[in-house]
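Here is a short report on one protein model. Look over the sequence and the 3D view, then read on.

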Amino acid sequence: MIKFEHSVFALPFALTGALLAWRDAGFSRDGLWWKLGWIVVAMVSARSVAMAFNRVLDADIDARNPRTKMRHLPAGLLSRNFAWGFMAFWALVFTFAARALNPLCLMLAPLALGIVMFYSFTKRFTMFAHLVLGFSLGIAPAAAWIAMRGSLDPRILWLTAAVTFWTAGFDIIYACQDHAFDVQSGLFSIPQRFGIAGALWISRCFHVAMLVCLILLVRAFNLGPLALTGVAAVAALLLWEHRLVHADDLSRVDAAFFTMNGYVSVIFFVFWATDILWR
């Protein structure tokens, strides 16, 4: 039901936010590994709650969709009671992790869970569901900054915006597979509204917006050439991603969605972490 490896999408960006906060604090080693460890726990647990809630809420829809009807809940491999218990367990873990980090994290924990769970409702009333999903992942680097510093610096919101646009862009590509089903079922998405060809162009625009946000983030934190090289590497990977899918050929969507975006997040982190630590 839950693929823990999907955390690779947002976790490297969260860790980048944490490293930027650490740099801003003068590279203090006091409690560093403790904080990083709890950030990872919080990320994995929030992701687990969000995905499990999405599976429960969408179980009936998934059962009608040929692409998703073999998921664990519609296929009867797991029960709804198990899924609710799973969510409750990971929500408690998330709350404990937030409490271990600092008081502001604990105060914001219900809001964070509310945001990541709210996404599951959005396909029922707005085509901007992709951006809501993007924001659900985009809050991760800002949350990591708060975890490290106990307060929020507005500069890190450029990374929130970058992750929001990046996620929305690749989610649009993934949603193109369900274009016909969304039209038939009355669900909302950008492919349902603009067609597959139009949706792919919007996805490209979102990914350009991501790159712009990353460049502004480099300027905001006065980062160096390695960070800029990381932005260039992300641009090359996104270009490759978009060359994998066409309006009349979606056979390589999985490669574009899972493989390429896994590379994007990890390679981004490698370049940016090296720049931060090198300087």
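Is R67 buried, partly exposed or exposed? R67 is partly exposed, with a relative accessible area of 33%. Buried means under 20% relative accessible area, exposed means over 50%, and partly exposed lies in between (1.4 Å probe, protein chains only).

## About the model

This is a predicted model, in which local features need pLDDT of at least 70, side-chain atom pairs count only at pLDDT 80 or more, and totals for chains, interfaces and linings use all residues. Residues are numbered from 1 along each chain as its sequence is written, and side-chain values use heavy atoms, with hydrogens and water left out.

## Salt bridges

The structure holds eight salt bridges. A salt bridge is a side-chain nitrogen of Lys or Arg within 4 Å of a carboxyl oxygen of Asp or Glu. R67 takes part in one of them, with D178 as its partner. Their closest N and O atoms are 2.6 Å apart. D178 sits in the loop between α7 and α8 (179-185), and R67 in the loop between α3 and α4, so the pair ties together parts that are 111 residues apart in sequence. Helices such as these are DSSP runs (H or I, at least four residues), numbered from the N terminus. D178 counts as buried, at 10% relative accessibility.

R124 pairs with D58, and here the closest N and O atoms are 3.0 Å apart. R124 lies in the loop between α5 (103-122) and α6 (129-149), while D58 lies in the loop between α2 (32-57) and α3 (59-64), so this bridge ties together parts that are 66 residues apart in sequence. R124 is partly exposed at 31% relative accessibility. D58 is buried, with a relative accessible area of 1%.

D153 and R155 form another salt bridge, with closest N and O atoms 2.8 Å apart. D153 is buried at 17%, and R155 is partly exposed at 26%. Salt bridges that share partners join D24, R149, D153 and R155 into one network.

## The nonpolar core

A nonpolar core is a set of buried Ala, Val, Leu, Ile, Met, Phe, Trp, Tyr and Cys residues joined through side-chain atoms within 4.5 Å. Which members of the largest core touch the most other members? They are L159, W166 and M210, out of 95 residues. The largest share of this core, 13 residues, comes from α2.

Take M210. Leaving aside its neighbours within four places in sequence, M210 is in contact (heavy atoms within 4.5 Å) with F13, A162, F165, W166, V234, L238 and V264.

## Helix α7

Helix α7 covers residues 157-175, 19 residues in total. From first C-alpha to last, α7 reaches 26 Å, close to the expected 27 Å. The expected span is 1.5 Å times one less than the number of residues. Of the 19 residues of α7, 15 are buried, so the helix is largely enclosed by the rest of the structure.

## At the surface

V8, V266 and V270 form a nonpolar patch on the surface. Together they have about 200 Å² of accessible area, from the Shrake-Rupley method with a 1.4 Å probe, where only the protein chains shown count as cover for residues. Patches are made of residues with over 30% relative accessible area and no salt bridge; like charges are joined within 9 Å, and nonpolar side chains (Val, Leu, Ile, Met, Phe, Trp, Tyr) within 5 Å. V266 is found in helix α11 (residues 253-278) and is partly exposed at 36%.

F82 is in helix α4 (residues 80-101). F82 is partly exposed, with a relative accessible area of 43%.

How values were computed: Helices (H or I, at least four residues) and strands (E, at least two) are DSSP runs, numbered from the N terminus.
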